Amino acid sequence: MPFKKFVEIGRVAYIADGPCQGKIAAIVNVIDQNKVLIDGPTSGVSRQAYPLKQMHLTNLSVKFPFNASTKVVRKELEANKVDEKWADSAWCQRIKAKAVRKSMTDFDRFKLRKAKSQRNRIVTIALNGKKKALRKAGKI
């Protein structure tokens with residue numbers, strides 16, 4: 001399977017580290033092999049140089065010219081509904097779920113464990129009932 005996430009103008013990146021951690025921004029210009037100029041007007045990331053090691057490239061991409069102004073970047077991000085696509089992605093959902101699990105208290109974890117146990121008991125009873133009916137019918 002060929003590599004598809006290249007550092008390019010218009011590539012949307014998830015910022016994994018630094019002051020803008022957890023937000024997305026579009027690459028506006030490549031400064032050198034270690035830094036890019038990013039801008040994320042829809043997510044609150046100001047236009048700045050950012051190291052590539054502190055961001056992850058997403059599969060989202062938009063089209064705008066080299067060194068485009070913030071106004072043009074905002075227009076393209078909103079036209080392509082990048083924020084909505086990002087919010088719907090499995091990657092973003094996983095990050096949100098991880099944050100929810102991290103913020104759980106001891107009592108929340110206890111309640112979750114009890115709920116899972118109760119759910120598993122209901123599933124087991126239903127499954128055993130179906131197995132018993134199939135055995136009686138001679139299908140197992």
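This is a predicted model: local features need pLDDT of at least 70, side-chain atom pairs count only at pLDDT 80 or more; totals for chains, interfaces and linings use all residues.
Let me begin with one side chain, that of Thr 58, which reaches the backbone nitrogen of Leu 60 at 3.3 Å.

Thr 58 is found in strand E5, which covers residues 55-61. Is Thr 58 buried or exposed? Its relative accessibility is 1%, and because buried means under 20%, Thr 58 counts as buried. If we leave aside residues up to four places away in sequence, Thr 58 touches Lys 5, Arg 11, Val 12, Ala 13, Tyr 14, Trp 86 and Trp 91.

Now to the sheet that E5 belongs to. Five strands form an open sheet, and if you follow them across you meet them in the order E4-E3-E2-E1-E5, with antiparallel pairing. Strand E4, residues 45-51, and strand E5 stand at the edges with a single partner strand each, so one side of each is left without a neighbour in the sheet. From one strand to the next, the twist averages 40°.

As a reminder for anyone new to sheets, strands pair through backbone hydrogen bonds, and they do so either parallel or antiparallel. At the E4 end of our sheet, strand E3, residues 35-40, runs antiparallel to E4, and five bridges join the two. Within this part of the model, Leu 37 stands opposite Ala 49 in E4.

Which helix packs on the sheet? Helix H1, residues 70-79, does so, touching strand E1 (11-15), strand E2 (24-30), E3 and E4, and the direction of H1 makes about 130° with that of E2.

Let me step back to the chain, which has four helices and five strands, and which, read along the sequence, follows the pattern β-β-β-β-β-α-α-α-α. The radius of gyration of the chain is 23 Å, whereas the globule rule gives 14 Å for 140 residues; the value is well over that, so the chain is more spread out than a compact globule. Along its principal axes, the C-alpha trace spans about 70 × 40 × 30 Å.

Taking contacts between residues at least 6 apart in sequence, 47% join residues at least 24 apart. Finally, the accessible surface comes to about 10100 Å², and 56% of this belongs to carbon and sulfur atoms.

Note on methods
Residues are numbered from 1 along each chain as its sequence is written. Side-chain values use heavy atoms; hydrogens and water are left out. Buried means under 20% relative accessible area, exposed over 50%, partly exposed in between (1.4 Å probe, protein chains only). A polar contact is a pair of N or O atoms within 3.5 Å; within protein, one must be able to donate a hydrogen and the other to accept it, and residues adjacent in sequence count only if both atoms are side-chain atoms. Contact means heavy atoms within 4.5 Å. Two strands pair if DSSP finds at least two bridges between them. Axes are lines fitted to C-alpha atoms, for helices over the stretch in contact, and angles run from 0 to 180 degrees between N-to-C directions. The radius of gyration is taken over C-alpha atoms; the globule rule is 2.2 Å times the number of residues to the power 0.38. Accessible areas come from the Shrake-Rupley method with a 1.4 Å probe; for residues, only the protein chains shown count as cover.
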